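My notes follow in the order in which I looked.

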Amino acid sequence: MMSLGNTMTLPEFERLLEIYGSDRTRWPVEARASAGQLTARDPAACRLLLEAEALDRILERAPLPTLASEAALA
């Protein structure tokens, strides 16, 4: 269970990035403020956020599969 108060840990932050990505609007509301506080004080959290943002940008540019390629995979 996460301690989503003002004491978010780096592993908790990393888990939220893995689940929801870098866009904190997708995160549970109660986690957003704690995440912001963590990134403001922890360089490692900032680095993780930058990496997640870069990954999200790459995924947004990836082409969607065609119906034919989905059928071939099935």
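The entries below go from the helices to the core, then to the salt bridges and the surface.

**Entry 1: the model.** I note at the outset that this is a predicted model, and I read every value below as computed from it.

**Entry 2: helix 1.** I began with helix 1, which spans residues 10-20, and looked up which of its residues are buried; I found Glu-12, Phe-13, Leu-16 and Leu-17. Viewed down the helix axis, these buried residues fall within an arc of 140°, so they line one face of helix 1. I then turned to the face that points away from the buried side, and there I found the exposed residues Pro-11 and Glu-18. The buried residues of helix 1 pack against helix 2, residues 29-41, and against helix 3, residues 43-61. Just after helix 1, I noted that Gly-21 takes a positive phi of about 85°.

**Entry 3: helix 2.** For helix 2, I listed the buried residues as Ala-31, Ser-34, Ala-35, Leu-38 and Thr-39. They cover an arc of only 135° around the axis, which puts them on the same side of helix 2. On the other side of helix 2, I found Val-29, Ala-33 and Ala-40 exposed.

**Entry 4: Ala-35.** Which residues does Ala-35 touch, not counting those up to four places away in sequence? I found contacts with Met-8, Phe-13, Arg-24 and Trp-27. Ala-35 lies in helix 2 and is buried, with a relative accessible area of 0%. I also looked up its separation from Leu-16, and Ala-35 and Leu-16 are 19 residues apart in sequence and 9.1 Å apart in space, C-alpha to C-alpha.

**Entry 5: the core.** I next looked up the largest nonpolar core, which has 12 residues, among them Met-8, Phe-13, Trp-27, Ala-35 and Leu-48. Helix 1, helix 2 and helix 3 are the elements that give two or more residues to this core, and the largest share, 4 residues, comes from helix 3. Leu-16 and Leu-17 also belong to this core, and both are on my list of buried residues in helix 1.

**Entry 6: salt bridges.** How many salt bridges does the structure hold? I found 2. In one, the side chains of Asp-23 and Arg-26 meet at 3.8 Å, N to O; Asp-23 is partly exposed, with a relative accessible area of 29%, and Arg-26 is likewise partly exposed, at 43% relative accessibility.

In the other, the side chains of Arg-47 and Glu-51 meet at 3.1 Å, N to O. Being 4 residues apart in helix 3, Arg-47 and Glu-51 are separated by about one helical turn. Arg-47 is partly exposed, with a relative accessible area of 44%, and Glu-51 is partly exposed as well, at 43%.

**Entry 7: the surface and helix 3.** Last, I looked for nonpolar surface and found a patch of about 300 Å², made by Leu-55, Ile-58 and Leu-59. Leu-59 is found in helix 3 and counts as exposed, at 53% relative accessibility. Arg-57 is found in helix 3 as well, and at 44% relative accessibility this arginine counts as partly exposed. From Arg-57 I looked on to Leu-73, 16 residues apart along the chain, and the C-alpha atoms of the two are separated by 25 Å.

Definitions and conventions:
Residues numbered from 1 in each chain as written. Predicted model: local features only at pLDDT ≥ 70, side-chain atom pairs only at ≥ 80, totals over all residues. Heavy atoms only, no water. Buried < 20%, exposed > 50% of the residue type's maximum accessible area, 1.4 Å probe, protein only. Arc of directions from axis to C-beta. Contact = heavy atoms within 4.5 Å. Salt bridge = Lys/Arg side-chain N within 4 Å of Asp/Glu carboxyl O. Core = buried A, V, L, I, M, F, W, Y, C linked by side-chain atoms within 4.5 Å. Patch = residues over 30% accessible without salt bridge, like charges linked within 9 Å, V, L, I, M, F, W, Y side chains within 5 Å. Areas by Shrake-Rupley, 256 points an atom, 1.4 Å probe, with all protein chains shown as cover.
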